[in-house]
Amino acid sequence: MSSSPINQLPTEILTSIFLCSTEFVHKAFIRTRMTGLSRQLTILRLVCSRWDNIVVKTPSFWTLLCLHPPSMSFEHSKSPPADALSLWLERSADLPLNIAHIHLIRDYFEEESPGVLDVLRQSTVRWRTADIYVAGDTSHILAQFSFTDALCLHTLSYEAFSERESIDIIKNVGNPPNLRSFSLAVPSPLAARTMSSYMANVLKNLTHIDLAFSTDWDEAWQVLRQCSSAVQMVLELRCPLTNSNVSNPPSPVTFDNLMILNINTRPWMHLTTLLPLQLLQAPNLNALTLSTTPAPDFPFVEKLSDYLAGTARSLYLLRLGHISIDDTKRLLGAPNVTRVPVVEVISRGDHEELKDLLKTWHNEAERDVKVARDLHSPKLPVLGWNDRSVTPSASLSNYLSDSFVKPLNMSLLSD
């Protein structure tokens, strides 16, 4: 192997090639919770002694970690899990760690793999990102994972399904000074009130939030209004509204930094979609995504157009999900909608029906409107346009290129 052309390359270049070969595994690993990284490193190490030495002595290969019982990043190790984890962390040197997925399950840490929790807890000062799944009664484990001293921690995502689990998480997050991105389901009014109280100092510094509320709107709003530094909000709202919510809403709050807003509601909860739009005043908003199913007799397009006229003059991208054919017609005639440079509308109408609609409306529309198939649901037609004379901001371009963002429908938006 030493005489092969690739082994004539300097170690620095060979290392860069190896890092590129594992980069896609990192992304897939984070996205799908695969354990492919360990296998990829094993393959590289088995080629020859030089490759093995490069992998073992390059800390960058060892900065991604997954604890997803029963499979783990170091699942092929013959050592006890705690020893294998210690070795993995030792090879990562002092670099920040990306914790792709941790299952905090009491039986695993206390019975199957004793000692892992202690080793893991000592590494939290180096955590940069963490994706944590919580199941069952893990309050005593969560109490050992306060991140107040985690100076590197930037992104923290939790997956929990019960009120008790969410409240335990909220109470034990601590106050990580550099945390900027946070994700959690908030399943009850009590969980929302607990978040408002325990995480006030954290919320005000977050730039990216991803929260799913199954609670009263008043409690959800008390959390959201504290996120004054937010640049991106992803909200799933299952918030029943009262007459007071609609007739006497609280005072709006201006979010000067908010550039990207995604709101997803359950079908027919159109008011829950529009109420946060009225309260989240965002003069610098660049991208707005609304996924809802408006009621037939509700003036959704008119309400949306009023919002766009008042607060979203910098809007570049508008995405709407599951709009009726009648509302689609109204969109084509709403000046505050048609002035948005890039628009995608998933319609509940028939594909051929939308094409016929365009033949009628094309001369009246201000845009070169096209119809295509939705990328993820081919049975659904999607209507839209793309004004290529307008370019997105650098921040929005980075957002649109992120692998976690639904891509623009290029067949729809191409020339």
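## Negative surface patch

Asp-326, Asp-350, Glu-352, Glu-353 and Asp-356 form a patch of negative charge on the surface. Patch residues have over 30% relative accessible area and no salt bridge, with like charges joined within 9 Å. Areas are Shrake-Rupley values with a 1.4 Å probe. Asp and Glu count as negative, and a charge is placed at CG of Asp or CD of Glu.

Helix H17 (residues 351-361) contributes the most to this patch, with 3 residues. Glu-352 lies in H17. Helices are DSSP runs of H or I with at least four residues; strands are E runs of at least two.

## Basis of the model

This is a predicted model, where local features need pLDDT of at least 70, side-chain atom pairs need pLDDT 80 or more, and totals for chains, interfaces and linings use all residues. Residues are numbered from 1 along each chain, and side-chain values use heavy atoms, without hydrogens or water.

## Parallel strands

Strands S7 (residues 208-213) and S8 (residues 232-237) pair in parallel over 6 bridges. Pairing requires at least two DSSP bridges. Ala-212 has Glu-236 of S8 as its bridge partner. From S7 the chain passes through helix H11 (residues 217-224) to S8, in a right-handed β-α-β crossover. Right-handed means a clockwise path from first strand over helix to second, with the strands pointing away from the viewer.

S8 also pairs with S10 (residues 260-265), in parallel over 6 bridges. There, Leu-237 stands opposite Thr-265 of S10.

## Salt bridges

The count is 7 salt bridges (Lys or Arg side-chain nitrogen within 4 Å of an Asp or Glu carboxyl oxygen). One of them joins Arg-121 to Asp-118, with the closest N and O atoms 3.1 Å apart. Because they are 3 residues apart in helix H6 (residues 116-122), about one helical turn separates Arg-121 and Asp-118.

Conventions:
Patch = residues over 30% accessible without salt bridge, like charges linked within 9 Å, V, L, I, M, F, W, Y side chains within 5 Å.
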